Amino acid sequence: PGTVWFNNGFEIVRTDGTYRFSKSIADFPSLSAVGASFLGLAIEANGTAWVGTTAPNTTEGNALVKINPNTGGSQIVYRYGVKWPFRGQFVQPMAFTPDKRLWMSYSKEYPFDDMGLCWWDGRRIGNFPAPPNGAWQFGGLPHYIISDLEVRPIRGGYELWMTCFSRGIAVLNVRPSNVQSF
């Protein structure tokens with residue numbers, strides 16, 4: 001409470017105007033060596049931050065990173081090509097929900113045929129694929145580019161309200177133990 005997080009692509013910052021915690025892409029030498037940048041940002045209730053990374057023209061910089069601002073510790077949880085459990089080549093954390101799911105968009109470089117929204121609870125993964133190559137479709141996730149995702153609590157669960165690039169708003173209704181359709 002009382003702090004603000006932001007991601008400018010090369011630095012993740014948590015501040016309250018006086019206190020300032022920061023991690024830069026340079027704090028991850030194996031990622032900065034290939035020109036990676038931060039992608040997305042999701043914060044757990046305990047203050048832990050989750051961020052993805054991506055690098056132009058290579059998959060070596062694609063990773064999921066966990067940052068603990070209370071201890072200063074951080075770690076690369078998964079790196080693309082090394083036991084990568086997610087679809088696509090990189091993930092963009094967008095929200096951490098009360099049921100302890102990290103919601104992320106996932107993408108890959110061209111061809112754009114494996115992209116969408118996924119969740120991960122530390123053990124299991126759920127996927128909601130978007131139409132290949134951004135094709136128009138009714139029902140399901142309307143587009144793979146999700147520019148904003150907001151969590152709205154409802155009785156018995158929550159909704160994810162997503163702004164989908166060039167397609168408007170999509171809403172996913174989530175209940176404990178099951179994820180219902182759009």
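Tutor: A residue is called buried when its relative accessible area is under 20%, exposed when it is over 50% and partly exposed in between, using a 1.4 Å probe and protein chains only. This is a predicted model, in which local features need pLDDT of at least 70 and side-chain atom pairs pLDDT 80 or more, while totals for chains, interfaces and linings use all residues. Residues are numbered from 1 along each chain as its sequence is written, and side-chain values use heavy atoms, without hydrogens and water.

Student: Is Glu-159 buried or exposed?

Tutor: Glu-159 sits in strand S13, residues 157-164, a strand being a DSSP run of E with at least two residues, numbered from the N terminus. Because its relative accessibility is 13%, Glu-159 counts as buried.

Student: With which side chain does that of Glu-159 make a polar contact of 2.7 Å?

Tutor: A polar contact pairs N or O atoms within 3.5 Å, where within protein one must be able to donate a hydrogen and the other to accept it, and residues adjacent in sequence count only through side-chain atoms on both sides. The Glu-159 side chain makes such a contact with the side chain of Trp-161 at 3.0 Å. The contact of 2.7 Å is with the side chain of Arg-152.

Student: What is the relative accessible area of Val-91?

Tutor: Val-91 belongs to strand S8, which covers residues 90-96. Its C-alpha atom is separated by 9.7 Å from that of Tyr-80, 11 residues apart along the chain. Val-91 is buried, so its area falls under the cut-off, at 0%.

Key. Helices (H or I, at least four residues) and strands (E, at least two) are DSSP runs, numbered from the N terminus.
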